[in-house]
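Please read the following note alongside the sequence and the structure.

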Amino acid sequence: MFVNDELSLPESAFEITQHLGFSKKAAANWAWLELAGAVLSHYHVDRQARLKALLTWFYRDLGFCAKADYFSVEAADLAQCLTSRQGNSTTLSVVLMLLGKQLDLQLEPLLLPDTTVLSCRIDETVTYLDALTGTELSRHQLHVLVRGELGNSAPMKPKYLKPVGVKRLLSRMLHELKAGAILSHKFESAMECCNLLLQWHEDDLNLNRERAFIAQQLGCISVAAADLQHFVDHSPHDPITELVKLQLKELNEEHEVYH
């Protein structure tokens with residue numbers, strides 16, 4: 001599912017979360033159309049004034065903000081972000097990016113480790129925005145976010161400042177939906193997130209390890225064992241492979257639970 005479909009936002013995100021059973025596409029689409037029409041009243045000829053008007057309207061007037069349960073499925077679901085006006089950095093970035101497009105503003109998502117920010121280019125000036133609050137971020141502050149996630153010695157890699165396309169954005173959303181589903185013990189939905197991600201990223205062996213963990217929670221021991229064996233076969237030199245071999249040995253000693 002979705003592999004050969006033409007990807008677009010917000011439609012593809014709505015289809016995915018409806019497929020996963022998290023939200024209804026129709027309600028989300030109405031919420032989006034309402035916002036997309038209302039934002040046009042904030043058009044200014046000057047683009048800096050236009051950006052300021054958009055941010056004021058989005059964060060102050062509409063009250064979009066970070067969801068208190070930040071790592072939940074609800075925060076990672078674009079449809080629920082639109083209807084509740086609460087989300088995580090990725091869903092808020094996408095909504096703001098799409099509204100900016102309605103105003104002919106070039107807002108583009110940047111995928112830092114574990115957080116999504118926006119860049120806005122106006123003439124030769126690039127502004128970085130915290131999607132949770134709309135505040136401007138310096139290059140130094142972006143590096144602080146990276147170091148906060150990866151450690152003080154982590155470099156600010158050039159790839160972090162390169163805007164990404166729809167497929168990469170949807171992949172990050174799926175990873176965040178998967179994490180939220182695991183936290184809330186919705187393992188069937190988490191498994192389907194892995195399946196969808198593996199359709200797009202079949203060479204990502206870490207997804208096989210994650211799916212093995214989820215399958216084990218569901219009692220699907222043979223599925224878990226097959227994914228771990230796939231990881232071992234294709235990552236013989238990975239430092240974690242010896243640990244995975246031990247996990248595989250333990251799994252093979254368990255009895256399959258059928259569902």
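Is Lys-245 buried, partly exposed or exposed, and what is its relative accessible area? The points below, which concern a predicted model, come to this residue in point 5.

1. Pairing of β4 and β5. Strand β4 covers residues 115–122, and strand β5 covers residues 125–130. The two strands run antiparallel to each other and are joined by six bridges.

2. The turn between β4 and β5. These strands form a hairpin in which two residues lie between them. Within the turn, Asp-123 has a positive phi of about 55 degrees.

3. From β5 to β6. Strand β5 also pairs with strand β6, residues 136–137, through two bridges, and the sense is again antiparallel. Here Leu-129 stands opposite Glu-136 in β6. The hairpin of β5 and β6 has five residues between its strands, and Gly-134 in this hairpin takes a positive phi near 85 degrees.

4. The structure holds seven salt bridges. One of them joins Glu-210 to Lys-178, with the closest N and O atoms 2.6 Å apart. Glu-210 belongs to helix α10 (residues 205–217) and Lys-178 to helix α8 (residues 166–183), so this pair ties together parts that are 32 residues apart in sequence. Lys-178 is buried, at a relative accessible area of 3%, whereas Glu-210 is partly exposed, at 27%.

5. A salt bridge within one helix. Glu-242 forms a salt bridge with Lys-245, and their closest N and O atoms are 3.4 Å apart. Both residues lie in helix α12 (residues 241–252); they are three residues apart, so about one helical turn separates them. The opening question can now be answered: Lys-245 is partly exposed, with a relative accessible area of 38%. This value falls in the partly exposed class because buried means under 20% and exposed means over 50%.

6. A salt bridge between exposed residues. Glu-253 and Lys-249 form a further salt bridge, in which the closest N and O atoms are 3.1 Å apart. Glu-253 has a relative accessibility of 55% and counts as exposed. Lys-249, at 52%, likewise counts as exposed.

Key
Residues numbered from 1 in each chain as written. Predicted model: local features only at pLDDT ≥ 70, side-chain atom pairs only at ≥ 80, totals over all residues. Heavy atoms only, no water. Pairing = 2+ DSSP bridges. Helix = DSSP H or I, 4+ residues; strand = E, 2+ residues; numbered from the N terminus. Salt bridge = Lys/Arg side-chain N within 4 Å of Asp/Glu carboxyl O. Buried < 20%, exposed > 50% of the residue type's maximum accessible area, 1.4 Å probe, protein only.
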